[in-house]
Amino acid sequence: MDRTSARDTTSAPDAWEELVTSALLGTARRTPPGIESGPEAPVALLDAAAVETVRRRAGLRPARAVQRPQPAPEDPRPELPAAAARRLAMLLADRPGTGGGRRGTAPDLMELLPQWLAAANTHGYAAPPQLLPALLDAARGRTDLRPAALAFAGSRATWLARLNPDWRFALRATPGGGAALPQDTAGVRLLWEEGLFAERVALLAAIRARDPAAARELLATTWATERAEDRLMFLDSLRTGLGPDDEPFLEQALADRSRNVRATAAELLSALPDSALAARMAVRAGACVAVDHTRDTPTIVVEAPHECDSGMERDGVVPKAPSGRGERSWWFGQLVEAAPLGGWPGRLGGRTPAEILALPVADDWRNDLHAAWCRAAVRQQDAGWARALLGTPAAPEAGGPGAVSLAERAKLLATLGSAERAEWVAGFIATHGLSEAFQLLGVCGVPWAAPLGRAAVDALNIARDAGSYPWSFSGVMGLAERCLDPAEAGRLEGLMAVPDEGEDASPGAGGYWAEAFQRLVTTLRLRAAMAEELEGT
């Protein structure tokens with residue numbers, strides 16, 4: 001069969017689909033109609049595809065002319081300094097897959113982009129128009145970049161998003177698809193009742209940040225008709241600006257048909273220490289915990305609930321315990337977690353949180369009780385209890401009286417001020433090293449305070465001298481590149497050389513450590529240059 005006959009026999013309306021299917025399966029398994037099987041079949045298939053492509057293009061009718069889009073809105077913010085604009089172009093060009101991976105002493109530029117965007121937004125600069133497509137592409141691939149990237153891009157981001165479906169996330173992130181938030185009641189109501197779900201979530205969040213009462217009242221107008229999953233998302237928006245005025249609405253949500261909605265409402269109410277739910281939980285939890293003075297040493301005794309009644313369920317207590325957990329322990333933990341921490345000193349003899357935590361607990365209830373107090377301190381953002389639960393960082397394993405895991409310690413630390421948090425983590429590192437410090441470092445402010453930075457550098461130096469490979473510290477080293485104060489670069493210069501290897505050192509470890517420190521110093525200097533460029537100096 002010649003190639004002309006192949007062209008003549010593949011012009012049916014479904015010819016393209018046949019060709020695509022044959023190309024995917026291979027001509028040895030499936031040959032399109034009109035093409036003979038054999039060694040020439042692949043060539044004939046490609047010829048037929050070329051002819052069909054021309055036919056399809058020639059068969060297109062001209063589209064009706066559309067109205068040209070309106071010009072992009074002006075951005076009144078000051079122009080980005082030229083050096084900073086060049087730096088941004090460099091950061092955006094370092095997207096994953098464009099440079100063959102991170103190697104040697106070169107900084108990881110993409111990991112510096114969030115920090116650069118945060119600094120640029122602090123200065124209030126406008127994004128260079130020519131870099132907006134690359135910026136939106138980067139934000140498309142990394143959801144953690146989106147808030148800062150869209151703030152930097154401004155209204156032009158949503159203008160571009162209407163022209164490119166790949167950037168549609170920018171429309172979903174702003175109420176009304178990037179249009180200005182309606183200022184009149186009718187406009188807000190129209191968008192709330194007729195907008196897409198993402199638009200409604202963004203609208204409610206925007207109003208909640210500006211006027212919490214107005215957002216709650218808007219939500220109440222359609223609450224009864226919303227789907228359960230939508231009610232849950234809308235209810236979560238009340239975390240912003242949560243206050244006593246939200247209590248009546250949340251109390252009504254406790255009777256919701258959805259268990260998840262009820263649980264979220266109960267969690268929010270328990271964060272209000274003066275709420276009726278908090279008072280009910282305090283009574284229930286208080287009935288379970290007491291101090292026994294008849295023993296040689298005052299001891300906390302626990303009598304966990306024997307059932308989960310309907311009132312407890314309504315107030316958010318989940319009746320079914322997870323696999324491997326006793327029911328009474330499960331119910332007890334939920335009650336203590338939801339009870340206001342401020343009530344325990346009065347119930348337990350006027351003792352301070354530290355004194356309460358120092359009391360022995362009978363019958364192996366200590367871990368359950370202290371773990372519940374940990375969760376309560378995080379939920380209620382109670383720094384006093386968090387401080388007592390953490391204990392001193394130099395304590396054995398730095399676990400404190402109630403922090404039973406690194407994740408819980410990190411959450412407790414987040415309730416403290418930035419300086420106190422950094423000081424505690426610095427003490428932890430000085431005592432226990434860096435092997436368990438990664439999660440704790442992640443909750444510290446950027447740049448790291450001087451004591452924390454010194455502790456981290458000293459610990460890295462000790463790890464290097466130990467002769468092991470640096471790979472187990474790669475996470476901490478990556479954090480140091482992004483979070484260590486650039487002023488610390490001078491202290492690290494002495495660590496950039498390859499050290500003499502001891503007898504017990506891993507082969508070549510010194511070279512790998514030198515490379516890691518060189519990358520750290522290079523990154524710190526780059527961050528310093530980025531800050532100067534944004535200052536316009």
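## Contacts and burial

In this predicted model, 67% of the contacts in the protein chain with a separation of 6 or more link residues 24 or more positions apart. Of the 537 residues in the protein chain, 42% are buried.

The protein chain exposes about 27,500 Å². Carbon and sulfur atoms supply 54% of that area.

## Overall form

The protein chain contains 29 helices and two strands. Its radius of gyration is 31 Å, whereas the globule rule gives 24 Å for 537 residues; the value is well over that figure, so the protein chain is more spread out than a compact globule.

Taken along the principal axes, the box filled by the C-alpha atoms of the protein chain is roughly 105 × 70 × 55 Å.

## A nonpolar surface patch

Val20, Leu24 and Leu25 form a nonpolar patch on the surface. Together, these residues have about 280 Å² of accessible area.

Leu24 belongs to helix α2, which covers residues 15–25. The relative accessibility of Leu24 is 73%, and exposed means over 50%, so Leu24 counts as exposed.

## Confidence of the model

The average pLDDT of the protein chain is 89, and 93% of the residues score at least 70.

Key:
Residues are numbered from 1 along each chain as its sequence is written. This is a predicted model: local features need pLDDT of at least 70, side-chain atom pairs count only at pLDDT 80 or more; totals for chains, interfaces and linings use all residues. Side-chain values use heavy atoms; hydrogens and water are left out. pLDDT is the predictor's confidence in each residue, from 0 to 100. Patches are made of residues with over 30% relative accessible area and no salt bridge: like charges are joined within 9 Å, nonpolar side chains (Val, Leu, Ile, Met, Phe, Trp, Tyr) within 5 Å. Accessible areas come from the Shrake-Rupley method with a 1.4 Å probe; for residues, only the protein chains shown count as cover. A salt bridge is a side-chain nitrogen of Lys or Arg within 4 Å of a carboxyl oxygen of Asp or Glu. Helices (H or I, at least four residues) and strands (E, at least two) are DSSP runs, numbered from the N terminus. Buried means under 20% relative accessible area, exposed over 50%, partly exposed in between (1.4 Å probe, protein chains only). The radius of gyration is taken over C-alpha atoms; the globule rule is 2.2 Å times the number of residues to the power 0.38. Contact means heavy atoms within 4.5 Å.
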